[in-house]
Amino acid sequence: MPQIFLHIDMDAFFAAIEQMDHPEFRNKPVVVGADPKKGLGRGVVSTCSYEARKYGIHSAMPISQAYKRCPHAVYVFPRGKRYSQVSKQVMSILYDFSPDIEQISIDEAFLDITSTSKLFGSAGNLAMMMKQRILDEVNLTASVGIAPVKFIAKIASDLEKPNGLVEVKPEDVKDFLHPLDISRLWGVGPKTLPLLNKIGIKTFGDLAQFSQKEIFQRFGKFGLHFWNLANGIDTRKVETEHAAKSISKEITFFQDIESDIEIENKLLYLCNELSHEMRQKNYHGRTITLKIRLDDFTTFSRSLTVPASINSSENMFRIIKKLYKNFARSKKVRLLGVHVSHLNMDEGQLDLFQEQSAGKTKIDDVIDHVRKKFGENSITRASIMSHKDESQWIKE
């Protein structure tokens with residue numbers, strides 16, 4: 001029996017919520033992200049309404065460019081808690097249509113509807129009923145793709161936005177895929193695309209016509225993966241126990257900074273905030289990554305994988321400080337980030353710096369306890385306070 005996958009993607013999710021909560025924003029270009037400061041702001045666009053997209057604004061665009069394209073847009077800061085609340089409402093509706101759900105972000109998910117679609121008449125009927133439930137109960141629109149493999153369902157959900165519904169039957173897979181631009185293929189980015197174009201691959205169909213052997217010789221195992229997708233071959237299933245793979249915190253500065261002392265204090269702040277969030281979620285991680293973006297927008301990352309999982313701010317900062325000390329920097333810094341991957345949820349962690357950090361771990365426990373009782377902003381480390389002028393940076 002062929003499997004049936006559904007991919008649901010909420011339309012301009014953050015911006016749509018802002019328009020829903022603020023009727024005066026409706027039918028206007030709305031940009032969710034950093035403060036543009038009349039074209040001098042730092043940071044990026046998180047998302048924007050379809051009215052704003054008509055001006056060429058898109059996610060991840062520098063907020064200063066967005067302002068230049070549409071200075072009369074409504075610019076709002078993200079409201080994470082509100083978006084999370086609405087996301088939970090949407091996801092709860094999805095579970096009424098299938099128990100097999102893989103939420104891949106706050107506003108999109110895969111569903112395996114192989115065993116439930118007949119309960120609703122057909123996959124198409126299921127999708128229409130789901131979209132109507134979301135509209136009636138949450139007052140937002142969603143776009144849906146249906147296909148026999150996951151990646152085709154995701155492509156299909158993007159083709160007729162907003163409020164779209166595209167179904168690809170098993171017998172129509174090649175006819176659907178082959179005319180599509182190769183840039184829609186998962187994993188094909190700005191570096192890979194010119195290489196494919198150079199040998200005449202403009203569409204999925206162009207790639208599918210090559211032999212597996214030739215593609216493997218040219219691009220290795222990644223090329224073979226691309227070839228499989230271009231031919232509609234994708235064996236991935238819906239991962240119902242989809243655990244977080246990484247967690248991170250970043251800050252973009254309104255003014256580029258240069259002082260090593262100031263940079264290290266900002267990194268200490270990031271480690272403190274990230275480790276607190278990790279403990280709240282019972283996460284521990286093994287790979288710690290430092291991200292640095294310089295004033296010319298060049299971006300670098302440096303990582304270290306340790307033998308035992310950690311989540312204390314002291315241990316994390318030791319590693320991040322070491323990574324920064326080994327980074328040769330000749331320009332000012334625009335952005336800093338701390339990223340932890342190889343996550344697990346083990347109860348116990350082997351302390352890499354056991355003798356020195358026992359007291360520091362207790363401090364983490366005290367900070368967690370006070371924040372839980374009196375609020376997130378009720379306490380922080382004294383070493384951070386003297387450098388915590390939050391008007392000088394944008395949290396991301």
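Lys37 sits in the loop that links β2 (30-33) to β3 (45-48). Helices (H or I, at least four residues) and strands (E, at least two) are DSSP runs, numbered from the N terminus. This is a predicted model, in which local features need pLDDT of at least 70 and side-chain atom pairs count only at pLDDT 80 or more, while totals for chains, interfaces and linings use all residues. Residues are numbered from 1 along each chain as its sequence is written, and side-chain values use heavy atoms, with hydrogens and water left out.

Most residues other than glycine have a negative phi, and most peptide bonds are trans. Lys37 has a positive phi, near 45°. Asn163 also has a positive phi, near 60°. Asn163 belongs to the loop between α6 and β8. That loop between α6 (150-159) and β8 holds Pro162 too. The peptide bond from Lys161 to Pro162 is cis, and its omega is near -5°.

For accessibility, buried means under 20% relative accessible area, exposed over 50%, and partly exposed in between (1.4 Å probe, protein chains only).

| Residue | Phi | Relative accessibility | Class |
|---|---|---|---|
| Lys37 | near 45° | 40% | partly exposed |
| Asn163 | near 60° | 46% | partly exposed |

**The sheet**

In what order do the strands of the open sheet run? The order is β5-β6-β1-β7-β8, and the pairing of these 5 strands is mixed. β5 (101-105) and β8 (165-167) stand at the edges. Each has a single partner strand, so one side of each is left without a neighbour in the sheet. The twist from one strand to the next averages 15°. Axes for such angles are lines fitted to C-alpha atoms, for helices over the stretch in contact, and angles run from 0 to 180 degrees between N-to-C directions.

Two strands pair if DSSP finds at least two bridges between them. β1 (residues 5-10) and β7 (residues 142-147) pair in the antiparallel sense, over 6 bridges. Within this pair, Leu6 stands opposite Ile146 in β7.

**Cysteines**

How many disulfides does a search of the whole structure find? It finds 0 disulfides, a disulfide being a pair of cysteine sulfur atoms within 2.5 Å. Cys48 is in none, and its nearest cysteine sulfur, that of Cys70, is 9.5 Å away. Cys48 is buried at 1% relative accessibility. Cys70 is buried as well, with a relative accessible area of 0%.
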